Amino acid sequence: MIDETIINALKKLKIENIKKEHISKIGEGSWHTVYRIERQGEEDLALRVKKKTAYGHLQEYQESELITEYESTKIYYHYANACNDNLCPSYFDYYLDPSLVFTIESFMGKGTIQSLNQTEAFFTGEKAGYFFQEMHNQTPDIKGFGKLKWNGEKLEGSIQEEFERIWQDDNNFYISILDKLISSHLKFDVERITAKIDSIIEKRRNNPQKIALVNQDITPENIIMNTDYTAIIDPLPRLDFDVKYAGYFVFCYKFLLPAYSNAPRYRHNSYSQHAAKLSEIADGFIKGYTNHDVNQIEQIMNEYTLWVLLEAYEHLEVLNEENVSYQTLQQMGNKEMIKNRLILCLKQLESLCLDLE
Ligand SMILES: Nc1ncnc2c1ncn2[C@@H]1O[C@H](COP(=O)(O)OP(=O)(O)O)[C@@H](O)[C@H]1O
Ligand SMILES: [Mg+2]
């Protein structure tokens, strides 16, 4: 089980004398195989070795992309550690070589959604919500907006434009995708949805959100859920709007995860069986993020609605593609599943658009 790769990683870390029984495989995502290294008198570590193949493709060694990826994680943990909740690894480093790529970080314990009951699920969400609110309140020292990019010296957002322009583009985008959905052959309650989306965007334009360091990968695989503690690992940070990403969390746990449980990539997680607990996590998140502020709750629900609109549009786009990539098929399922999920998105959108003021 301890192969050459691990031995090389331990050598690079100068801990090659560690006993084999103190190393155990603890997990595997799409990109990394993860080992726990138990140490005496010091905190345990998690060694994340980059896989050579992902989604059926050999991964080329692209140094600047790897630096972008791991520097992004590092900076996310830096700001997370300033929040004082101990939700993220306090130690993180990485090693790059064409023959071996790995990260080394604090081991954050074990625990999955299966081990929680409904109440514990709510508390886990509440802790996450409180933490994200704190994260979003920080002002990251990174220029720009959007996807992060390593410029050779530091990270920056890939979009460098005036705030006002970015904000208006973001709002216009939702109107344009709604128009595209309307002009498709799809059947849905156009009137109801248009009225609600128009009203959300009108209010949104006048309430600019703050650019924050947000996390786009908050699936349960990246949250260690335990009755005693919660930890957030493997973030995918970008610079984007704060409430939009609070809404993204709620969208994921209320809708996206159960809706994707038939896709090959997510099938083994059986998220649809845990839909009630996922929904509790979302409710807890709203409480933790907003502390019952009704305006903020409304804004988050509006952002959730916009994410469902975007999801419907993305499904439509994939259905219109002639050749769907292997990665997309793994993540979204075959065309039949995508078609059915599109119908589900539209139904969800209709129900979220019911509460017209
Ligand atoms: N720092 C850590 N502490 C504890 N467990 C971890 C840590 N990092 C990863 N793991 C475990 O390994 C699994 C896969 O790790 P992850 O970093 O999410 O891989 P990937 O990048 O492929 O998604 C996680 O779901 C978790 O169970
Ligand atoms: Mg992961």
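Phe 145 has Ile 159 of strand 9 as its bridge partner. The model is a predicted one, in which local features need pLDDT of at least 70, side-chain atom pairs count only at pLDDT 80 or more, and totals for chains, interfaces and linings use all residues. Residues are numbered from 1 along each chain as its sequence is written, chains are lettered from A and ligands numbered from 1 in the order in which they are written, and side-chain values use heavy atoms, with hydrogens and water left out. Helices (H or I, at least four residues) and strands (E, at least two) are DSSP runs, numbered from the N terminus. Two strands are taken as paired if DSSP finds at least two bridges between them.

Axes are lines fitted to C-alpha atoms, for helices over the stretch in contact, and angles run from 0 to 180 degrees between N-to-C directions. Strand 8 (residues 145–150) runs antiparallel to strand 9 and is joined to strand 9 by four bridges. Within strand 9, Gly 157 is the bridge partner of Leu 148. The hairpin of strand 8 and strand 9 has four residues between the strands, and in this hairpin Gly 152 takes a positive phi near 100°. Strand 8 is also joined to strand 13 by two bridges, again in the antiparallel sense; in strand 13, Arg 238 is the bridge partner of Lys 147.

Contact here means heavy atoms within 4.5 Å.

Another open sheet consists of five strands in the order 1-2-3-7-6, also with antiparallel pairing. Strand 1 and strand 6 stand at the edges with a single partner strand each, so one side of each is left without a neighbour in the sheet. Neighbouring strands are turned by 20° against each other on average, direction ignored. Six bridges pair strand 2 with strand 3 in the antiparallel sense, and Tyr 35 has Leu 47 of strand 3 as its bridge partner. Helix 1 (residues 4–12) packs on the sheet and touches strand 1, strand 2, strand 3, strand 6 and strand 7, with its direction at about 60° to that of strand 7. Helix 2 (residues 63–82) lies across strand 2, strand 3, strand 6 and strand 7, and runs at about 175° to strand 6. Strand 6 (residues 92–97) pairs with strand 7 over six bridges, antiparallel, and the two strands are joined by a hairpin through two residues. Tyr 95 stands opposite Phe 102 in strand 7.

A polar side-chain atom of His 32 lies 2.7 Å from an oxygen atom of ligand 1. A polar backbone atom of Ser 106 is 3.0 Å from a nitrogen atom of the ligand, and a backbone N or O atom of Glu 221 lies 2.6 Å from an oxygen atom of ligand 1. On its own, ligand 1 has 550 Å² of accessible area (Shrake-Rupley method, 1.4 Å probe), of which the protein covers 88%.

Definitions and conventions: Polar contact = N/O pair within 3.5 Å; in protein donor to acceptor, adjacent residues only side chain to side chain.
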